[in-house]
Structures are given as structure tokens and as C-alpha cells.
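Hi,

Here is the model you asked about, with some notes on what turned up when I went through it. Could you have a look and then read on?

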Amino acid sequence: MAKTVRFHEYGGPEVLRVEDVPAGEPGPGEAMIRIEAVGLNRAEALFRSGVYIEQARSFPARLGAEAAGVIESLGEGVTGFHAGQAVSVIPMFSMNDYGVYAERAVVPAAALIARPASLDAVESAAVWMPYLTAYGALSQIGGIRPGDTAVITAASSSVGLAAIQIANRLGAVPIATTRTRSKKDALLKAGAAHVIVTDEEDLAAGILEHTDGRGAEFAFDAVAGPGVTDLAGAVARDGTLFLYGALSGQPTPYPGFDLGMPALNMRTFLVHEITRNPERLRVAVAFIGSGLRDGTFTPTIDRVFALGDIADAHRHMEQGAQFGKLVATVR
Ligand SMILES: NC(=O)c1ccc[n+]([C@@H]2O[C@H](COP(=O)([O-])OP(=O)(O)OC[C@H]3O[C@@H](n4cnc5c(N)ncnc54)[C@H](OP(=O)(O)O)[C@@H]3O)[C@@H](O)[C@H]2O)c1
């Protein structure tokens, strides 16, 4: 048996229950992991609420796509790993199939990455979703180049902070946005070249000012909703607007026609484009690993909760006051 977080109906954080359930056995291509830390993601709050990009197939439903732990046992046909090895679990599966909010969990072996010695369990649970998402979109799909500008919305999110570090590493110029002035200094310290406080400043005017009127080659947008029209208006000709989150919770227009049909590439992006593609994943892991080793990349942890306090952790996430990643540890 393993303590496992499940929910029996959609709802707020209060629907999360910690229950003793059979952990099962790893089948072919799977591994049993003793979980030490779980990386928390907005996707789980959305899945719990019934507004994620997929619905729960049945109840009770499990949660969690990112974790750090130790391999307990391996299923048939798994090579390259051994029992007792410290690993990270990266997001590449549906939460309808696996869930790592638990003391022990079966996961696909394809989702395992050996843990770099320089990272502890909390950091190892906080790295892969943010860095794979940001590097995958901006570099592997977008082809960002030195001198390009990237506007990073909701930049105090774990993905936003990773995107700032990655843009800097690639010689690009990160412009961060936040709703609140209180996060501005921390974003500058985190490497943003400029910060636009969207509750007080005009987003498009700010971007045009910081790019000498050219517009940004990339917008990496976690907010979506009606604000994309302004954002798209400040993307450079032939630039790309990635929609990778929907924090606004509002419908998102396609602004191309209102803006006079500019040469705008606008696309959604999901980290699975990287994690389910072995060659892209290999390249991304090598790039991120080198940044972790030389200290260029350091995951920003906002707060660590105990897994038993998972409802409080989700409440904290949904308040939106965090700066960086939330992690839950298993004790
Ligand atoms: N596509 C993918 O594969 C992928 C992968 C990972 C994450 N995501 C998405 O990336 C986003 C960030 O995820 P995360 O887990 O790193 O961080 P998060 O906890 O979802 O984001 C926290 C930050 O977002 C900002 N925010 C919250 N609500 C907002 C709203 N209604 N309007 C504007 N800004 C808001 C806040 O910053 P300020 O207060 O500073 O504005 C807050 O500090 C989420 O939308 C998530 O779903 C997508």
C-alpha cells in the first residue's frame, strides 16, 4: 500500500484526499519509484477542477506528472537503470494513466532521467517541467537566436523563470511581465533585461520601447485570453507567439485579422512535443544538464510543502503570489 493523493470529484483543493491504495507492480517498460519530492504544476490544479486539456477518465483520479525519487524495481525489458538509482520523473504521460502524488508510484521508464549529483530531491523535482517547456518552445521549436528578444509573460512562474535563464544563456534578451510591482526587483535579479508591470503599464508600448519599435521576435505566453491581441501587436514581423498556458481562464481570440494580417506565427505548445520525441528530449536534456552543471541554470523554489498538506499547496498555487516552483515532499 502507498499513501496516494486522489480526488473523487472535480472541485477546489478540498477534494484532494490522501488515501492508502495498492501501489501495484511495474509492468513491461515501467518502474516502481519511491517518491521523495513531487514538482507541483498548474496542470494538476486544472485537472482537479475539470478544466484541463483532458478530463479524468474515471474517479477516483490520481494527480502528478513530475517527481524525484529512487527506483525500487523495474518491469520487464527496462534497461539503462537499476534498483536504488536516484531519478527524476519527467512529464510525458497522461494523469489518467499514472500519478506521482504518492509515496510510491509506477511510472513509464521512458519518463526517467538519472539525477545529476549536484541536485537534491527537491531541486530534481523542480527542474524538468520548467526547463523542458521553455527550452523546447523557444529553442527547439522556435529557433531563438542571439540578439532576439523574448517577452515572457507570468515570468515569476517556474516556467517563466526558466525561460529567463534559457534566453540569457542563448544570448537572447528576456523581457519579463508580472501583474504586480512587488515582483519587479526579483525578476530583474533573476536575469530579466526589462520588466513590464501589466497592472500599471501598457504592455505593447513597453515591448516596442524595449525593442526600438521592432517588436519582440518571440512572445512566450502563459496567460492567453483577450490580452493576446496587445501581445501579438508587439511581436516583430515573422515573429512567433507561443501560447503555452491559459492562466487568464478567458477565451483567447485569434488577433491576426484585427491587427491587419501581420506576418505572425501563433501556435500552442505542450511540453509533450519534447518529452514524447526521443531525439528532441535527448538534445534538451543535454542542454539543460550542461546549464545545471555549470550553475547557469538554478531552479527557483518558492515553497516546499509536505505531501499531506497538498490541499494547502494547491491553495497557495491558485493564489498566484508565488515566485518559482512549488514542491511537495514525502516524509
Ligand atoms: N504547455 C506546457 O507544456 C506547459 C508546461 C508547464 C506549465 N505550463 C503552464 O505554464 C504556466 C505557468 O505554470 P507554472 O506551474 O510554472 O506556474 P504557475 O504557478 O501556474 O504561475 C504562477 C504565476 O502566474 C501568474 N499568474 C497567475 N494567475 C494569473 C492570471 N490570472 N493572469 C496573469 N498571470 C497570472 C502569477 O504571476 P504574477 O503575479 O507575477 O503576474 C503567478 O506568480 C501555467 O499556465 C501552466 O499551465 C504549460
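**Backbone points to check**

Ala154 sits in the loop between β9 (149–152) and α4 (158–169); helices (H or I, at least four residues) and strands (E, at least two) are DSSP runs, numbered from the N terminus. This is a predicted model, in which local features need pLDDT of at least 70 and side-chain atom pairs count only at pLDDT 80 or more, while totals for chains, interfaces and linings use all residues. Residues are numbered from 1 along each chain as its sequence is written, and side-chain values use heavy atoms, with hydrogens and water left out.

Asp238 counts as exposed, at 56% relative accessibility (exposed is over 50% relative accessible area, buried is under 20%, and partly exposed is in between, with a 1.4 Å probe and protein chains only). Thr240 also belongs to strand β13, and is buried at 13%. Apart from neighbours within four places in sequence, Thr240 is in contact (heavy atoms within 4.5 Å) with Glu217, Phe218, Ala219, Val235 and Asn265.

Please look at the peptide bond from Phe59 to Pro60 as well: it is cis, with omega near -5 degrees. Pro60 is in the loop between α1 (42–49) and β4 (61–62).

**Domains**

The domain assignment of the protein chain, which is automatic or taken from a database, gives domain 1 (2–127 + 299–329) and domain 2 (130–272). Their centres, taken over C-alpha atoms, are 28 Å apart. At the interface, 17 residues of domain 1 are in contact with 16 residues of domain 2. About 1200 Å² is buried between the two, and carbon and sulfur atoms give 65% of that; buried area here is the accessible area (1.4 Å probe) that two parts lose on being put together, summed over both. On the domain 1 side, Pro91, Val127 and Phe323 lose the most area to domain 2, together 40% of what that side buries.

How many salt bridges are there between domain 1 and domain 2? The count is zero, where a salt bridge is a side-chain nitrogen of Lys or Arg within 4 Å of a carboxyl oxygen of Asp or Glu.

From the record, the unreviewed UniProt entry carries the annotation "domain: Enoyl reductase (ER)" over residues 11–328. Over residues 11–328 the chain is 28% helix and 26% strand, with its end C-alpha atoms 20 Å apart.

**Salt bridges**

The structure as a whole holds 15 salt bridges. Three of them may interest you:

- Glu19 and Arg6 meet at 2.7 Å, N to O. Glu19 lies in strand β2 and Arg6 in strand β1, so the pair ties together parts that are 13 residues apart in sequence. Arg6, Arg17 and Glu19 are linked in a network of salt bridges.
- Arg48 pairs with Glu318, the closest N and O atoms being 3.0 Å apart. Arg48 is in helix α1 and Glu318 in helix α10, so this pair ties together parts that are 270 residues apart in sequence. Arg48 is buried, with a relative accessible area of 2%, whereas Glu318 counts as partly exposed at 36%.
- Lys325 pairs with Glu66, the closest N and O atoms being 2.7 Å apart. Lys325 is in strand β16 (residues 325–329) and Glu66 in the loop between β4 and β5, 259 residues apart. Both Lys325 and Glu66 are buried.

**Around α1 and α10**

The buried residues of α1 are Ala43, Glu44, Ala45, Phe47 and Arg48. These buried residues pack against β1 (2–7), β2 (16–21), β3 (30–40), β4 and α10. Just after α1, Gly50 takes a positive phi of about 80 degrees.

In helix α10 (residues 310–319) you will find His316, which counts as buried at 13% relative accessibility. Not counting residues up to four places away in sequence, His316 touches Asp302, Arg303, Phe305, Gln322 and Leu326. The C-alpha atoms of His316 and Pro13 are separated by 9.8 Å, although the two are 303 residues apart along the chain.

Best wishes

Notes: UniProt positions renumbered as here; feature names shortened; annotations may be inferred.
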